[in-house]
Amino acid sequence: MARGYRALLFDGPGQQSMLFEHGVTFRPDWENVITPVVDFLTARPDVDPERLVLAGVSQAGYWVPRALAFEHRLAAAVADPGVVEVAESWWHHLGPELRALWESGDRDTFDHVMSQALEESPELAATWRRRAAPYGVASPFDLLTEVAKYTVAPVAHRITTPLLITDPEGEHFWPGAAQRLYDALPGPKELVRFTEAEGAALHCEPLGRALFEQRVFDWLDTRLGLGAAG
């Protein structure tokens with residue numbers, strides 16, 4: 001706000017109030033979420049329709065570029081971090097053997113193996129329930145089949161909006177994805193790295209948000225033709 005920005009914060013499908021109060025779960029096609037938001041904003045007299053920005057953190061590093069592939073009225077966007085395949089964050093923890101079993105299509109065996117693993121580890125079961133809840137899918141096999149739909153790879157070539165992608169050192173959910181997303185984009189783009197030495201490592205730069213905000217808003221000021229705050 002000190003730089004003269006107005007902000008609209010909202011819960012999308014599967015997020016906060018939409019999930020817990022309304023029972024609306026995640027969906028992969030976020031163009032159908034963002035386009036109505038853009039329609040709402042452009043109808044307001046206090047909004048400059050030529051300077052709309054979309055920013056998202058964590059899994060929104062997928063939702064933002066997915067929306068940009070179809071919604072082209074945004075002047076710039078930020079993905080913190082860049083995500084190509086949401087399912088990668090699941091397979092990093094489940095391992096190659098379970099992935100091979102899932103890829104075999106043996107739903108019953110996969111669900112049986114996963115059910116046993118969840119029974120044996122209360123910690124794993126709690127994490128699984130928390131991460132699965134926004135999808136609204138009970139079967140582990142069906143859940144991962146649903147998560148596999150969350151990929152920007154087939155539509156990345158459609159993205160023309162200038163996109164800033166963060167790439168923090170030590171990213172543990174989607175390591176390497178920021179660079180892959182950057183490489184896949186045909187339009188204007190910026191890859192911004194954050195390091196442990198700067199105090200801004202790890203997923204979404206939890207200890208370096210001030211540095212994150214400075215770099216992101218300096219970039220946005222330049223893209224939108226705004227003067228940096230004094």
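First, the ground rules. This is a predicted model: local features need pLDDT of at least 70, side-chain atom pairs count only at pLDDT 80 or more, and totals for chains, interfaces and linings use all residues. Residues are numbered from 1 along each chain as its sequence is written, and side-chain values use heavy atoms, with hydrogens and water left out.

Now the sheet. Four strands make an open sheet, in the order β1-β2-β3-β4, with parallel pairing. Two strands count as paired if DSSP finds at least two bridges between them. Which strands stand at the edges? β1 (53-57) and β4 do, each with a single partner strand, so one side of each has no neighbour in the sheet. From one strand to the next, the twist averages 15 degrees. As for angles, axes are lines fitted to C-alpha atoms, for helices over the stretch in contact, and angles run from 0 to 180 degrees between N-to-C directions.

Look at β3 (residues 163-168) beside β4. They pair in the parallel sense over six bridges. Asp167 has Arg193 in β4 as its bridge partner.

Next, the helices on the sheet. Contact means heavy atoms within 4.5 Å. Helix α3 (residues 60-68) packs on the sheet and touches β1, β2 and β3; its direction makes about 150 degrees with that of β1. α10 packs there too, touching β1, β2, β3 and β4, and its direction makes about 160 degrees with that of β2.

Stay with α10. The expected span of a helix is 1.5 Å times one less than its number of residues. For the 16 residues of α10 that should be 22 Å, and its end C-alpha atoms are 22 Å apart, which agrees. Which residues of α10 are buried? Phe212, Val216, Trp219, Leu220, Asp221 and Leu224. Buried means under 20% relative accessible area, exposed over 50%, and partly exposed in between, with a 1.4 Å probe and protein chains only. Those buried residues pack against β1, β2, β3 and β4. After α10 comes Gly225, with a positive phi near 70 degrees.

On to the cores. In soluble globular proteins, nonpolar side chains tend to be buried together. A nonpolar core here is a set of buried Ala, Val, Leu, Ile, Met, Phe, Trp, Tyr and Cys residues joined through side-chain atoms within 4.5 Å. The largest one has 53 residues; Val86, Trp91, Phe110, Trp128, Tyr135, Leu144 and Leu163 touch the most other members. α3 gives the most to this core, with six residues. A second, separate core has 12 residues, including Val78, Phe212, Trp219 and Leu224.

Take Leu144. It is found in helix α8 (residues 140-147). At 1% relative accessibility, Leu144 is buried. Setting aside residues up to four places away in sequence, Leu144 touches Trp90, Trp91, Leu94, Trp102, Phe110 and Trp128.

Now the rings. Rings of Phe, Tyr and Trp (its six-membered ring) pair if their centres lie within 6.5 Å; planes under 30 degrees apart are stacked, over 60 edge-to-face, and the rest tilted. That rule gives 13 aromatic pairs. Phe26 and Trp63 have ring centres 4.9 Å apart and planes at 65 degrees, so the pair is edge-to-face. This pair links distant parts of the chain, 37 residues apart: Phe26 is in the loop between α1 (16-20) and α2 (31-42), and Trp63 is in helix α3. Phe26 is buried at 14% relative accessible area, and Trp63 is buried at 3%.

Last, the backbone. Most residues other than glycine have a negative phi, and most peptide bonds are trans. A cis peptide bond joins Asp80 and Pro81, with omega about 0 degrees. Pro81 sits in the loop between β2 (76-80) and α4 (88-94). Leu202, not a glycine, has a positive phi of about 75 degrees. Its place is the loop between β4 (189-194) and α10 (209-224). Glu205 also lies in the loop between β4 and α10, with a positive phi of about 45 degrees. Buried or exposed, Glu205? Buried, at 0% relative accessible area. Leu202 is partly exposed at 44%.

Methods
Helix = DSSP H or I, 4+ residues; strand = E, 2+ residues; numbered from the N terminus.
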